[in-house]
Protein chains: 2
Amino acid sequence: MEFDLIARIRARAASRPDVELGIGDDAAIVRVPDGLRLVLATDTLNAGVHFPAGTVPADIGWKALAVNLSDLAAMAAEPAWCTLSLSLPQADAAWLDGFLDGFLDLAARHGVALVGGDTTRGPLSVCVTAHGLVAPGRALRRGGAMAGDEVWVTGTLGDAAAALALAGTGAAAAAGPQAARELRRRLDRPEPRVGAGRALAGLASACIDVSDGLLADLGHVCAAGGVGAEVALDALPASAALIALFPQRARRALQARGGDDYELCFTAPVSRRAAIADALAGAGVAATRIGAIVAGDRVRALDAAGAEWVADRAGYQHFEG
Amino acid sequence: MEFDLIARIRARAASRPDVELGIGDDAAIVRVPDGLRLVLATDTLNAGVHFPAGTVPADIGWKALAVNLSDLAAMAAEPAWCTLSLSLPQADAAWLDGFLDGFLDLAARHGVALVGGDTTRGPLSVCVTAHGLVAPGRALRRGGAMAGDEVWVTGTLGDAAAALALAGTGAAAAAGPQAARELRRRLDRPEPRVGAGRALAGLASACIDVSDGLLADLGHVCAAGGVGAEVALDALPASAALIALFPQRARRALQARGGDDYELCFTAPVSRRAAIADALAGAGVAATRIGAIVAGDRVRALDAAGAEWVADRAGYQHFEG
């Protein structure tokens, strides 16, 4: 089945001037500009694990690239090229066309060229490797947060986990179709914060994308930096749709622990507060200060009274399992 | 399950001086030397499709990297870095350790650093992206074969397909365990012809690795170059094990159409015959002249009498399906 599908992909994939050889040979050849560093990220989405059954092909395509561009964004890299390895139960041209609608739409928005890959028979699975560029020393990393730094997050939290919580319950329709659709769009069509990540180079002390849930991912930042963090629950940004559909207690769990948001969580010295606000405004992305880095090794979420919040059950697990 | 497994992989992965940031952040950062081109290949192996049930984890690990290094070899690229995306039905440390034995053994032989990737829950599937380097204009491509060029192939053909044909039939034990083991090793532990590929830069006019079967892959070379080819069946190289276990008629089908050999099939002007022999001897790889490029668009396999050979059934399909 491989060749018909590859021909279909090749016919639609855009190129870039720095692609010397794209889809159709044993491998692709690209030019990395002298003096820039190459940034590599790989993530796989599996049916029934990373997206619910019934997710439309275009949304799977978008998300498969988005989660990889989100990793590049968290490094402040400029996306350049990607490869796609697609496992399908059977050759299905209509499915592939839909998938490419979403995948190539997002690729075009970020100037990313699909330069190679393969298609194979197997349970539905999408593996993407994304390649980006960054100037030496400009990449953001997980390590680097210092006690006294502020903790920030872009956009809003909890929407994707809320959409998962609603999926298949009938609660979505009861609660209002417009708000439910907005949440579902956050799950299916995450916006990788590429512009925000690049704007934060030289300003943020550490950065990560929120894929496992805010507290878990902030925990990775703290572990990498040898620090702790305190987050104000009431400061966590929520969308209007989330506020409309979930009472405060459920909302907090979704915001603090829900995965799949693909926002950026980053830290920075207080002295850079205005510069960060300016840089993110320039990138067209909202961001909120939600807490501070402290000495220690724990991430604590505090309520308005300063008491530590503990999820009353295991919390919403990251869909990835 | 993701973090324990990643920690296990990280603890064992070797690095290289040009890796600025390896496993453990949102993405990896590497330095591409000024003036070299980056070569990218991605291939996925799925359980039950690309390797038989019961294949030991170390062999799966070896092969997952080997098929990607084989793609780099066919471009005359020097392998440098790779990423690994591993889908597993459950977190299984013993399985992962075995897998890494094979994967990292082959990586070490070619100086390849595993710099990133992910582990996810799902049906067993291994997606590898391999990155190599090549000087501008030195990469081998599928296109470029000219009428009058000779057609060559490295090593021997048909062993991997023979092992598949024997698998589970009981014929292997009956035929002689040593010869059957040798064939099976060709299926499970293909040797990517990295040194041979690099030695052929500047000498071969076109090159491809034999993954779908000699006639199919030579067909890709002909299609890319707008030429045809004639191959002498009696010239196709066979291993002693294949000769011992298969009569001529079955052997021919395996050699001409069997996939998964991962030898290099390449073309070159007659005038370079001696230079190619020298270059491949330097790389320690045997090669055989098996035919010629001709005008037209067909690949014809000819018997000793000059009659065109037609497989008496569909032929051995590439295992990949």
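In this predicted model, 57 residues of chain A are in contact with 57 residues of chain B. Let me begin with that interface and then turn to the symmetry and to the inside of each chain.

How much area is buried between chain A and chain B? The value is about 4600 Å², and carbon and sulfur atoms give 51% of it. Three residues deserve a name here: Asp26(A), Leu40(A) and Arg121(A) together supply 15% of the area that chain A buries against chain B, more than any other three residues. For those new to the subject, the size of an interface is often given as the accessible area lost when the parts come together.

Next, the polar side of the interface. Between chain A and chain B, 27 residue pairs are in polar contact, counting pairs with both residues at pLDDT 80 or more. The rule also finds 6 salt bridges across this interface. One of them may be located on the model: Arg37(A) forms a salt bridge with Glu20(B), and their closest N and O atoms are 2.6 Å apart.

I now come to the symmetry. A rotation of 180°, with 0.0 Å of shift along its axis, superposes chain A on chain B with an RMSD of 0.0 Å. That is the relation of a two-fold axis. Which C-alpha of chain A is nearest the axis? It is that of Asp34(A), 2.5 Å from the axis. Of the interface residues of chain A, 100% are also interface residues in chain B, so the copies meet through the same surface.

Let us look beyond the interface. Over all chains, the structure holds 42 salt bridges. Among them is the one between the side chains of Asp59(A) and Arg189(A), at 2.7 Å from N to O. This pair links distant parts of the chain, 130 residues apart: Asp59(A) lies in helix α2 (residues 57–74), whereas Arg189(A) lies in the loop between α6 (177–188) and α7 (194–200).

Finally, please turn to strand β11 of chain B, residues 287–294. Strand β7 of chain B, residues 150–154, is joined to β11(B) by 5 bridges, and the two run antiparallel. In this pairing, Val151(B) has Gly291(B) as its bridge partner. Strand β9 of chain B, residues 228–232, is joined to β11(B) by 4 bridges, again in an antiparallel arrangement. There, the bridge partner of Glu230(B) is Ala292(B). As a general point, in a regular strand the side chains alternate between the two faces of the sheet.

Methods. Residues are numbered from 1 along each chain as its sequence is written. Chains are lettered from A and ligands numbered from 1 in the order in which they are written. This is a predicted model: local features need pLDDT of at least 70, side-chain atom pairs count only at pLDDT 80 or more; totals for chains, interfaces and linings use all residues. Side-chain values use heavy atoms; hydrogens and water are left out. Contact means heavy atoms within 4.5 Å. Buried area is the accessible area (1.4 Å probe) that two parts lose on being put together, summed over both. A salt bridge is a side-chain nitrogen of Lys or Arg within 4 Å of a carboxyl oxygen of Asp or Glu. A polar contact is a pair of N or O atoms within 3.5 Å; within protein, one must be able to donate a hydrogen and the other to accept it, and residues adjacent in sequence count only if both atoms are side-chain atoms. Copies are superposed by least squares on the C-alpha atoms of residues with pLDDT of at least 70 in both. Two strands pair if DSSP finds at least two bridges between them.
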